Amino acid sequence: MAVTVKECLELQLLEVEMLLSMFPKSGEFSLDADAVPSIQRYLKNADGALPPQLEYRIAVDVGEAKVKVELQVLLPHMYPQVAPQLFARSDALHRQQQLQLNTRLASHISSLETGDLCVCEAVQWVKDSTLPFLENCKASSECAPKEVRVKKMLHRMWIYSHHIYRQELRKKIFDCAKKLNLTGFCLTGKPGIICVEGLQENCEEFWHIIRYPNWKHISCKHVENIETEGSIDNLRLFHSFEDLQFQAHGDYGLRNDYHMDLGQFLEFLKQHQSGHIFQILFGVEGKLSDN
C-alpha cells in the first residue's frame with residue numbers, strides 16, 4: 001500500500017521529538033519556530049497547501065576535543081520514503097575534506113533501507129566518521145612539505161536560473177561569493193545568470209549554499225577547468241564579483257516579470273572572452289545587432 005505524505009510528515013515529527021531528547025541543550029538543535037506548527041496544521045487539515053519542507057541543524061561534538069560539526073538537514077515531504085538532504089560542515093576541516101566527508105555520508109545514507117528514519121543514524125555516523133578526517137587534517141598541517149610545486153585549478157561555473165529577482169537571494173549570492181573569494185557576476189532578472197570562478201572547492205561550496213534549501217529552477221550549464229602552476233588569479237576572466245544589470249523590458253507590474261537585454265549580455269560575454277557560452281546557456285547562437 002502506498003505511503004501518503006501525511007504519514008511521512010507524522011514520522012518526521014516523531015524523529016524531531018527523538019532528536020530534541022538527544023540534543024536538549026541550547027544551540028545543539030536549531031529549528032525554525034513555525035516549522036513544527038505548520039506541519040501540525042497541515043496534519044489537521046490535509047486538504048490545504050503543503051507546509052514548507054522541514055529544515056534544521058544539529059551541532060555534533062566529535063572526539064575528546066569536542067570539535068563542533070554541524071549537520072544541516074532538509075527533509076523532502078516524502079521522507080523517509082525518499083532520502084533526506086544532508087550536509088556536514090566544520091571550521092576544523094579543509095573544504096576538500098569536507099566534500100569527501102559529505103560524499104561518504106551520502107553513500108552511507110543511500111545504503112540504508114528505504115522507508116526507515118535515518119537522521120539519528122546520520123548523526124551517529126558523523127560522530128564516528130569525522131574523527132579520521134580531523135586527525136588527517138592535523139597531520140597534514142604538521143607534516144606539510146616545505147617546497148612543493150603544486151598544480152592549481154581554476155574552476156569556472158556557468159549557472160542558469162529561470163529568474164533572479166528577490167533582494168535577499170541576491171544578497172546571499174554576493175555575500176557567499178565574497179566569503180569564498182570568487183569572481184564573476186550575477187545577472188538579475190529573467191533569465192538569471194551567475195558565473196563564479198575560483199578554487200574548485202570554493203565554487204562547489206558556493207553551488208551547494210545558494211541552492212540550499214529549495215532553489216528549484218536552477219542548473220549548472222557548463223564548467224571550465226584550467227590548470228596552472230602559478231596563481232589562479234592570472235586565469236580569471238573577472239576581477240571582482242559584479243552586479244550585472246542591463247536595460248530591461250517587459251511587465252513592470254506586481255510580478256516584476258522583466259527580461260534582460262540579451263544582446264547587451266552577449267556583448268558583455270564577448271568582452272570577457274566568453275562569447276561561446278551564450279549558445280551553451282540559451283541553445284542559440286548569439287548575434288550582435290549592427291546598430
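The structure is a predicted model. Helix 5 spans residues 167-179, and its buried residues line one face of the helix. Helix 3 (residues 95-110) and helix 6 have axes that come within 9 Å.

**Helix 5: dimensions and end**
- Helix 5 consists of 13 residues, and the distance from its first C-alpha to its last is 18 Å, close to the 18 Å expected at 1.5 Å a residue.
- Asparagine 181, which follows helix 5, has a positive phi near 60°.

**Helix 5: buried and exposed residues**
- The buried residues of helix 5 are Leu169, Arg170, Ile173, Cys176 and Ala177.
- Viewed down the helix axis, these buried residues fall within an arc of 135°, so they line one face of helix 5.
- Gln167, Glu168, Lys171, Lys178 and Lys179 are exposed on the other side of helix 5.
- The cover over the buried residues of helix 5 includes strand 6 (183-187), strand 7 (192-199) and strand 9 (241-244), together with helix 6 (200-211).

**Helix 3 and helix 6**
- Two packed helices are described by the angle between their axes and the distance between the axes.
- The axes of helix 3 and helix 6 cross at roughly 50°; the two helices are therefore oblique to each other.
- The crossing in which helix 3 passes helix 6 is left-handed.
- On the helix 3 side, Arg95, Gln96, Gln98 and Leu99 take part in the contact, meeting Glu201, Asn202, Glu204 and Glu205 of helix 6.

Notes:
Residues are numbered from 1 along each chain as its sequence is written. This is a predicted model: local features need pLDDT of at least 70, side-chain atom pairs count only at pLDDT 80 or more; totals for chains, interfaces and linings use all residues. Side-chain values use heavy atoms; hydrogens and water are left out. Helices (H or I, at least four residues) and strands (E, at least two) are DSSP runs, numbered from the N terminus. The expected span of a helix is 1.5 Å times one less than its number of residues. Buried means under 20% relative accessible area, exposed over 50%, partly exposed in between (1.4 Å probe, protein chains only). The arc is that of the directions from the helix axis to the C-beta atoms. Contact means heavy atoms within 4.5 Å. Axes are lines fitted to C-alpha atoms, for helices over the stretch in contact, and angles run from 0 to 180 degrees between N-to-C directions. Angles under 35 degrees count as roughly parallel, over 145 as roughly antiparallel, 65 to 115 as roughly perpendicular and the rest as oblique. A crossing is left-handed if the near helix is turned anticlockwise from the far one by less than a right angle, and right-handed if clockwise.
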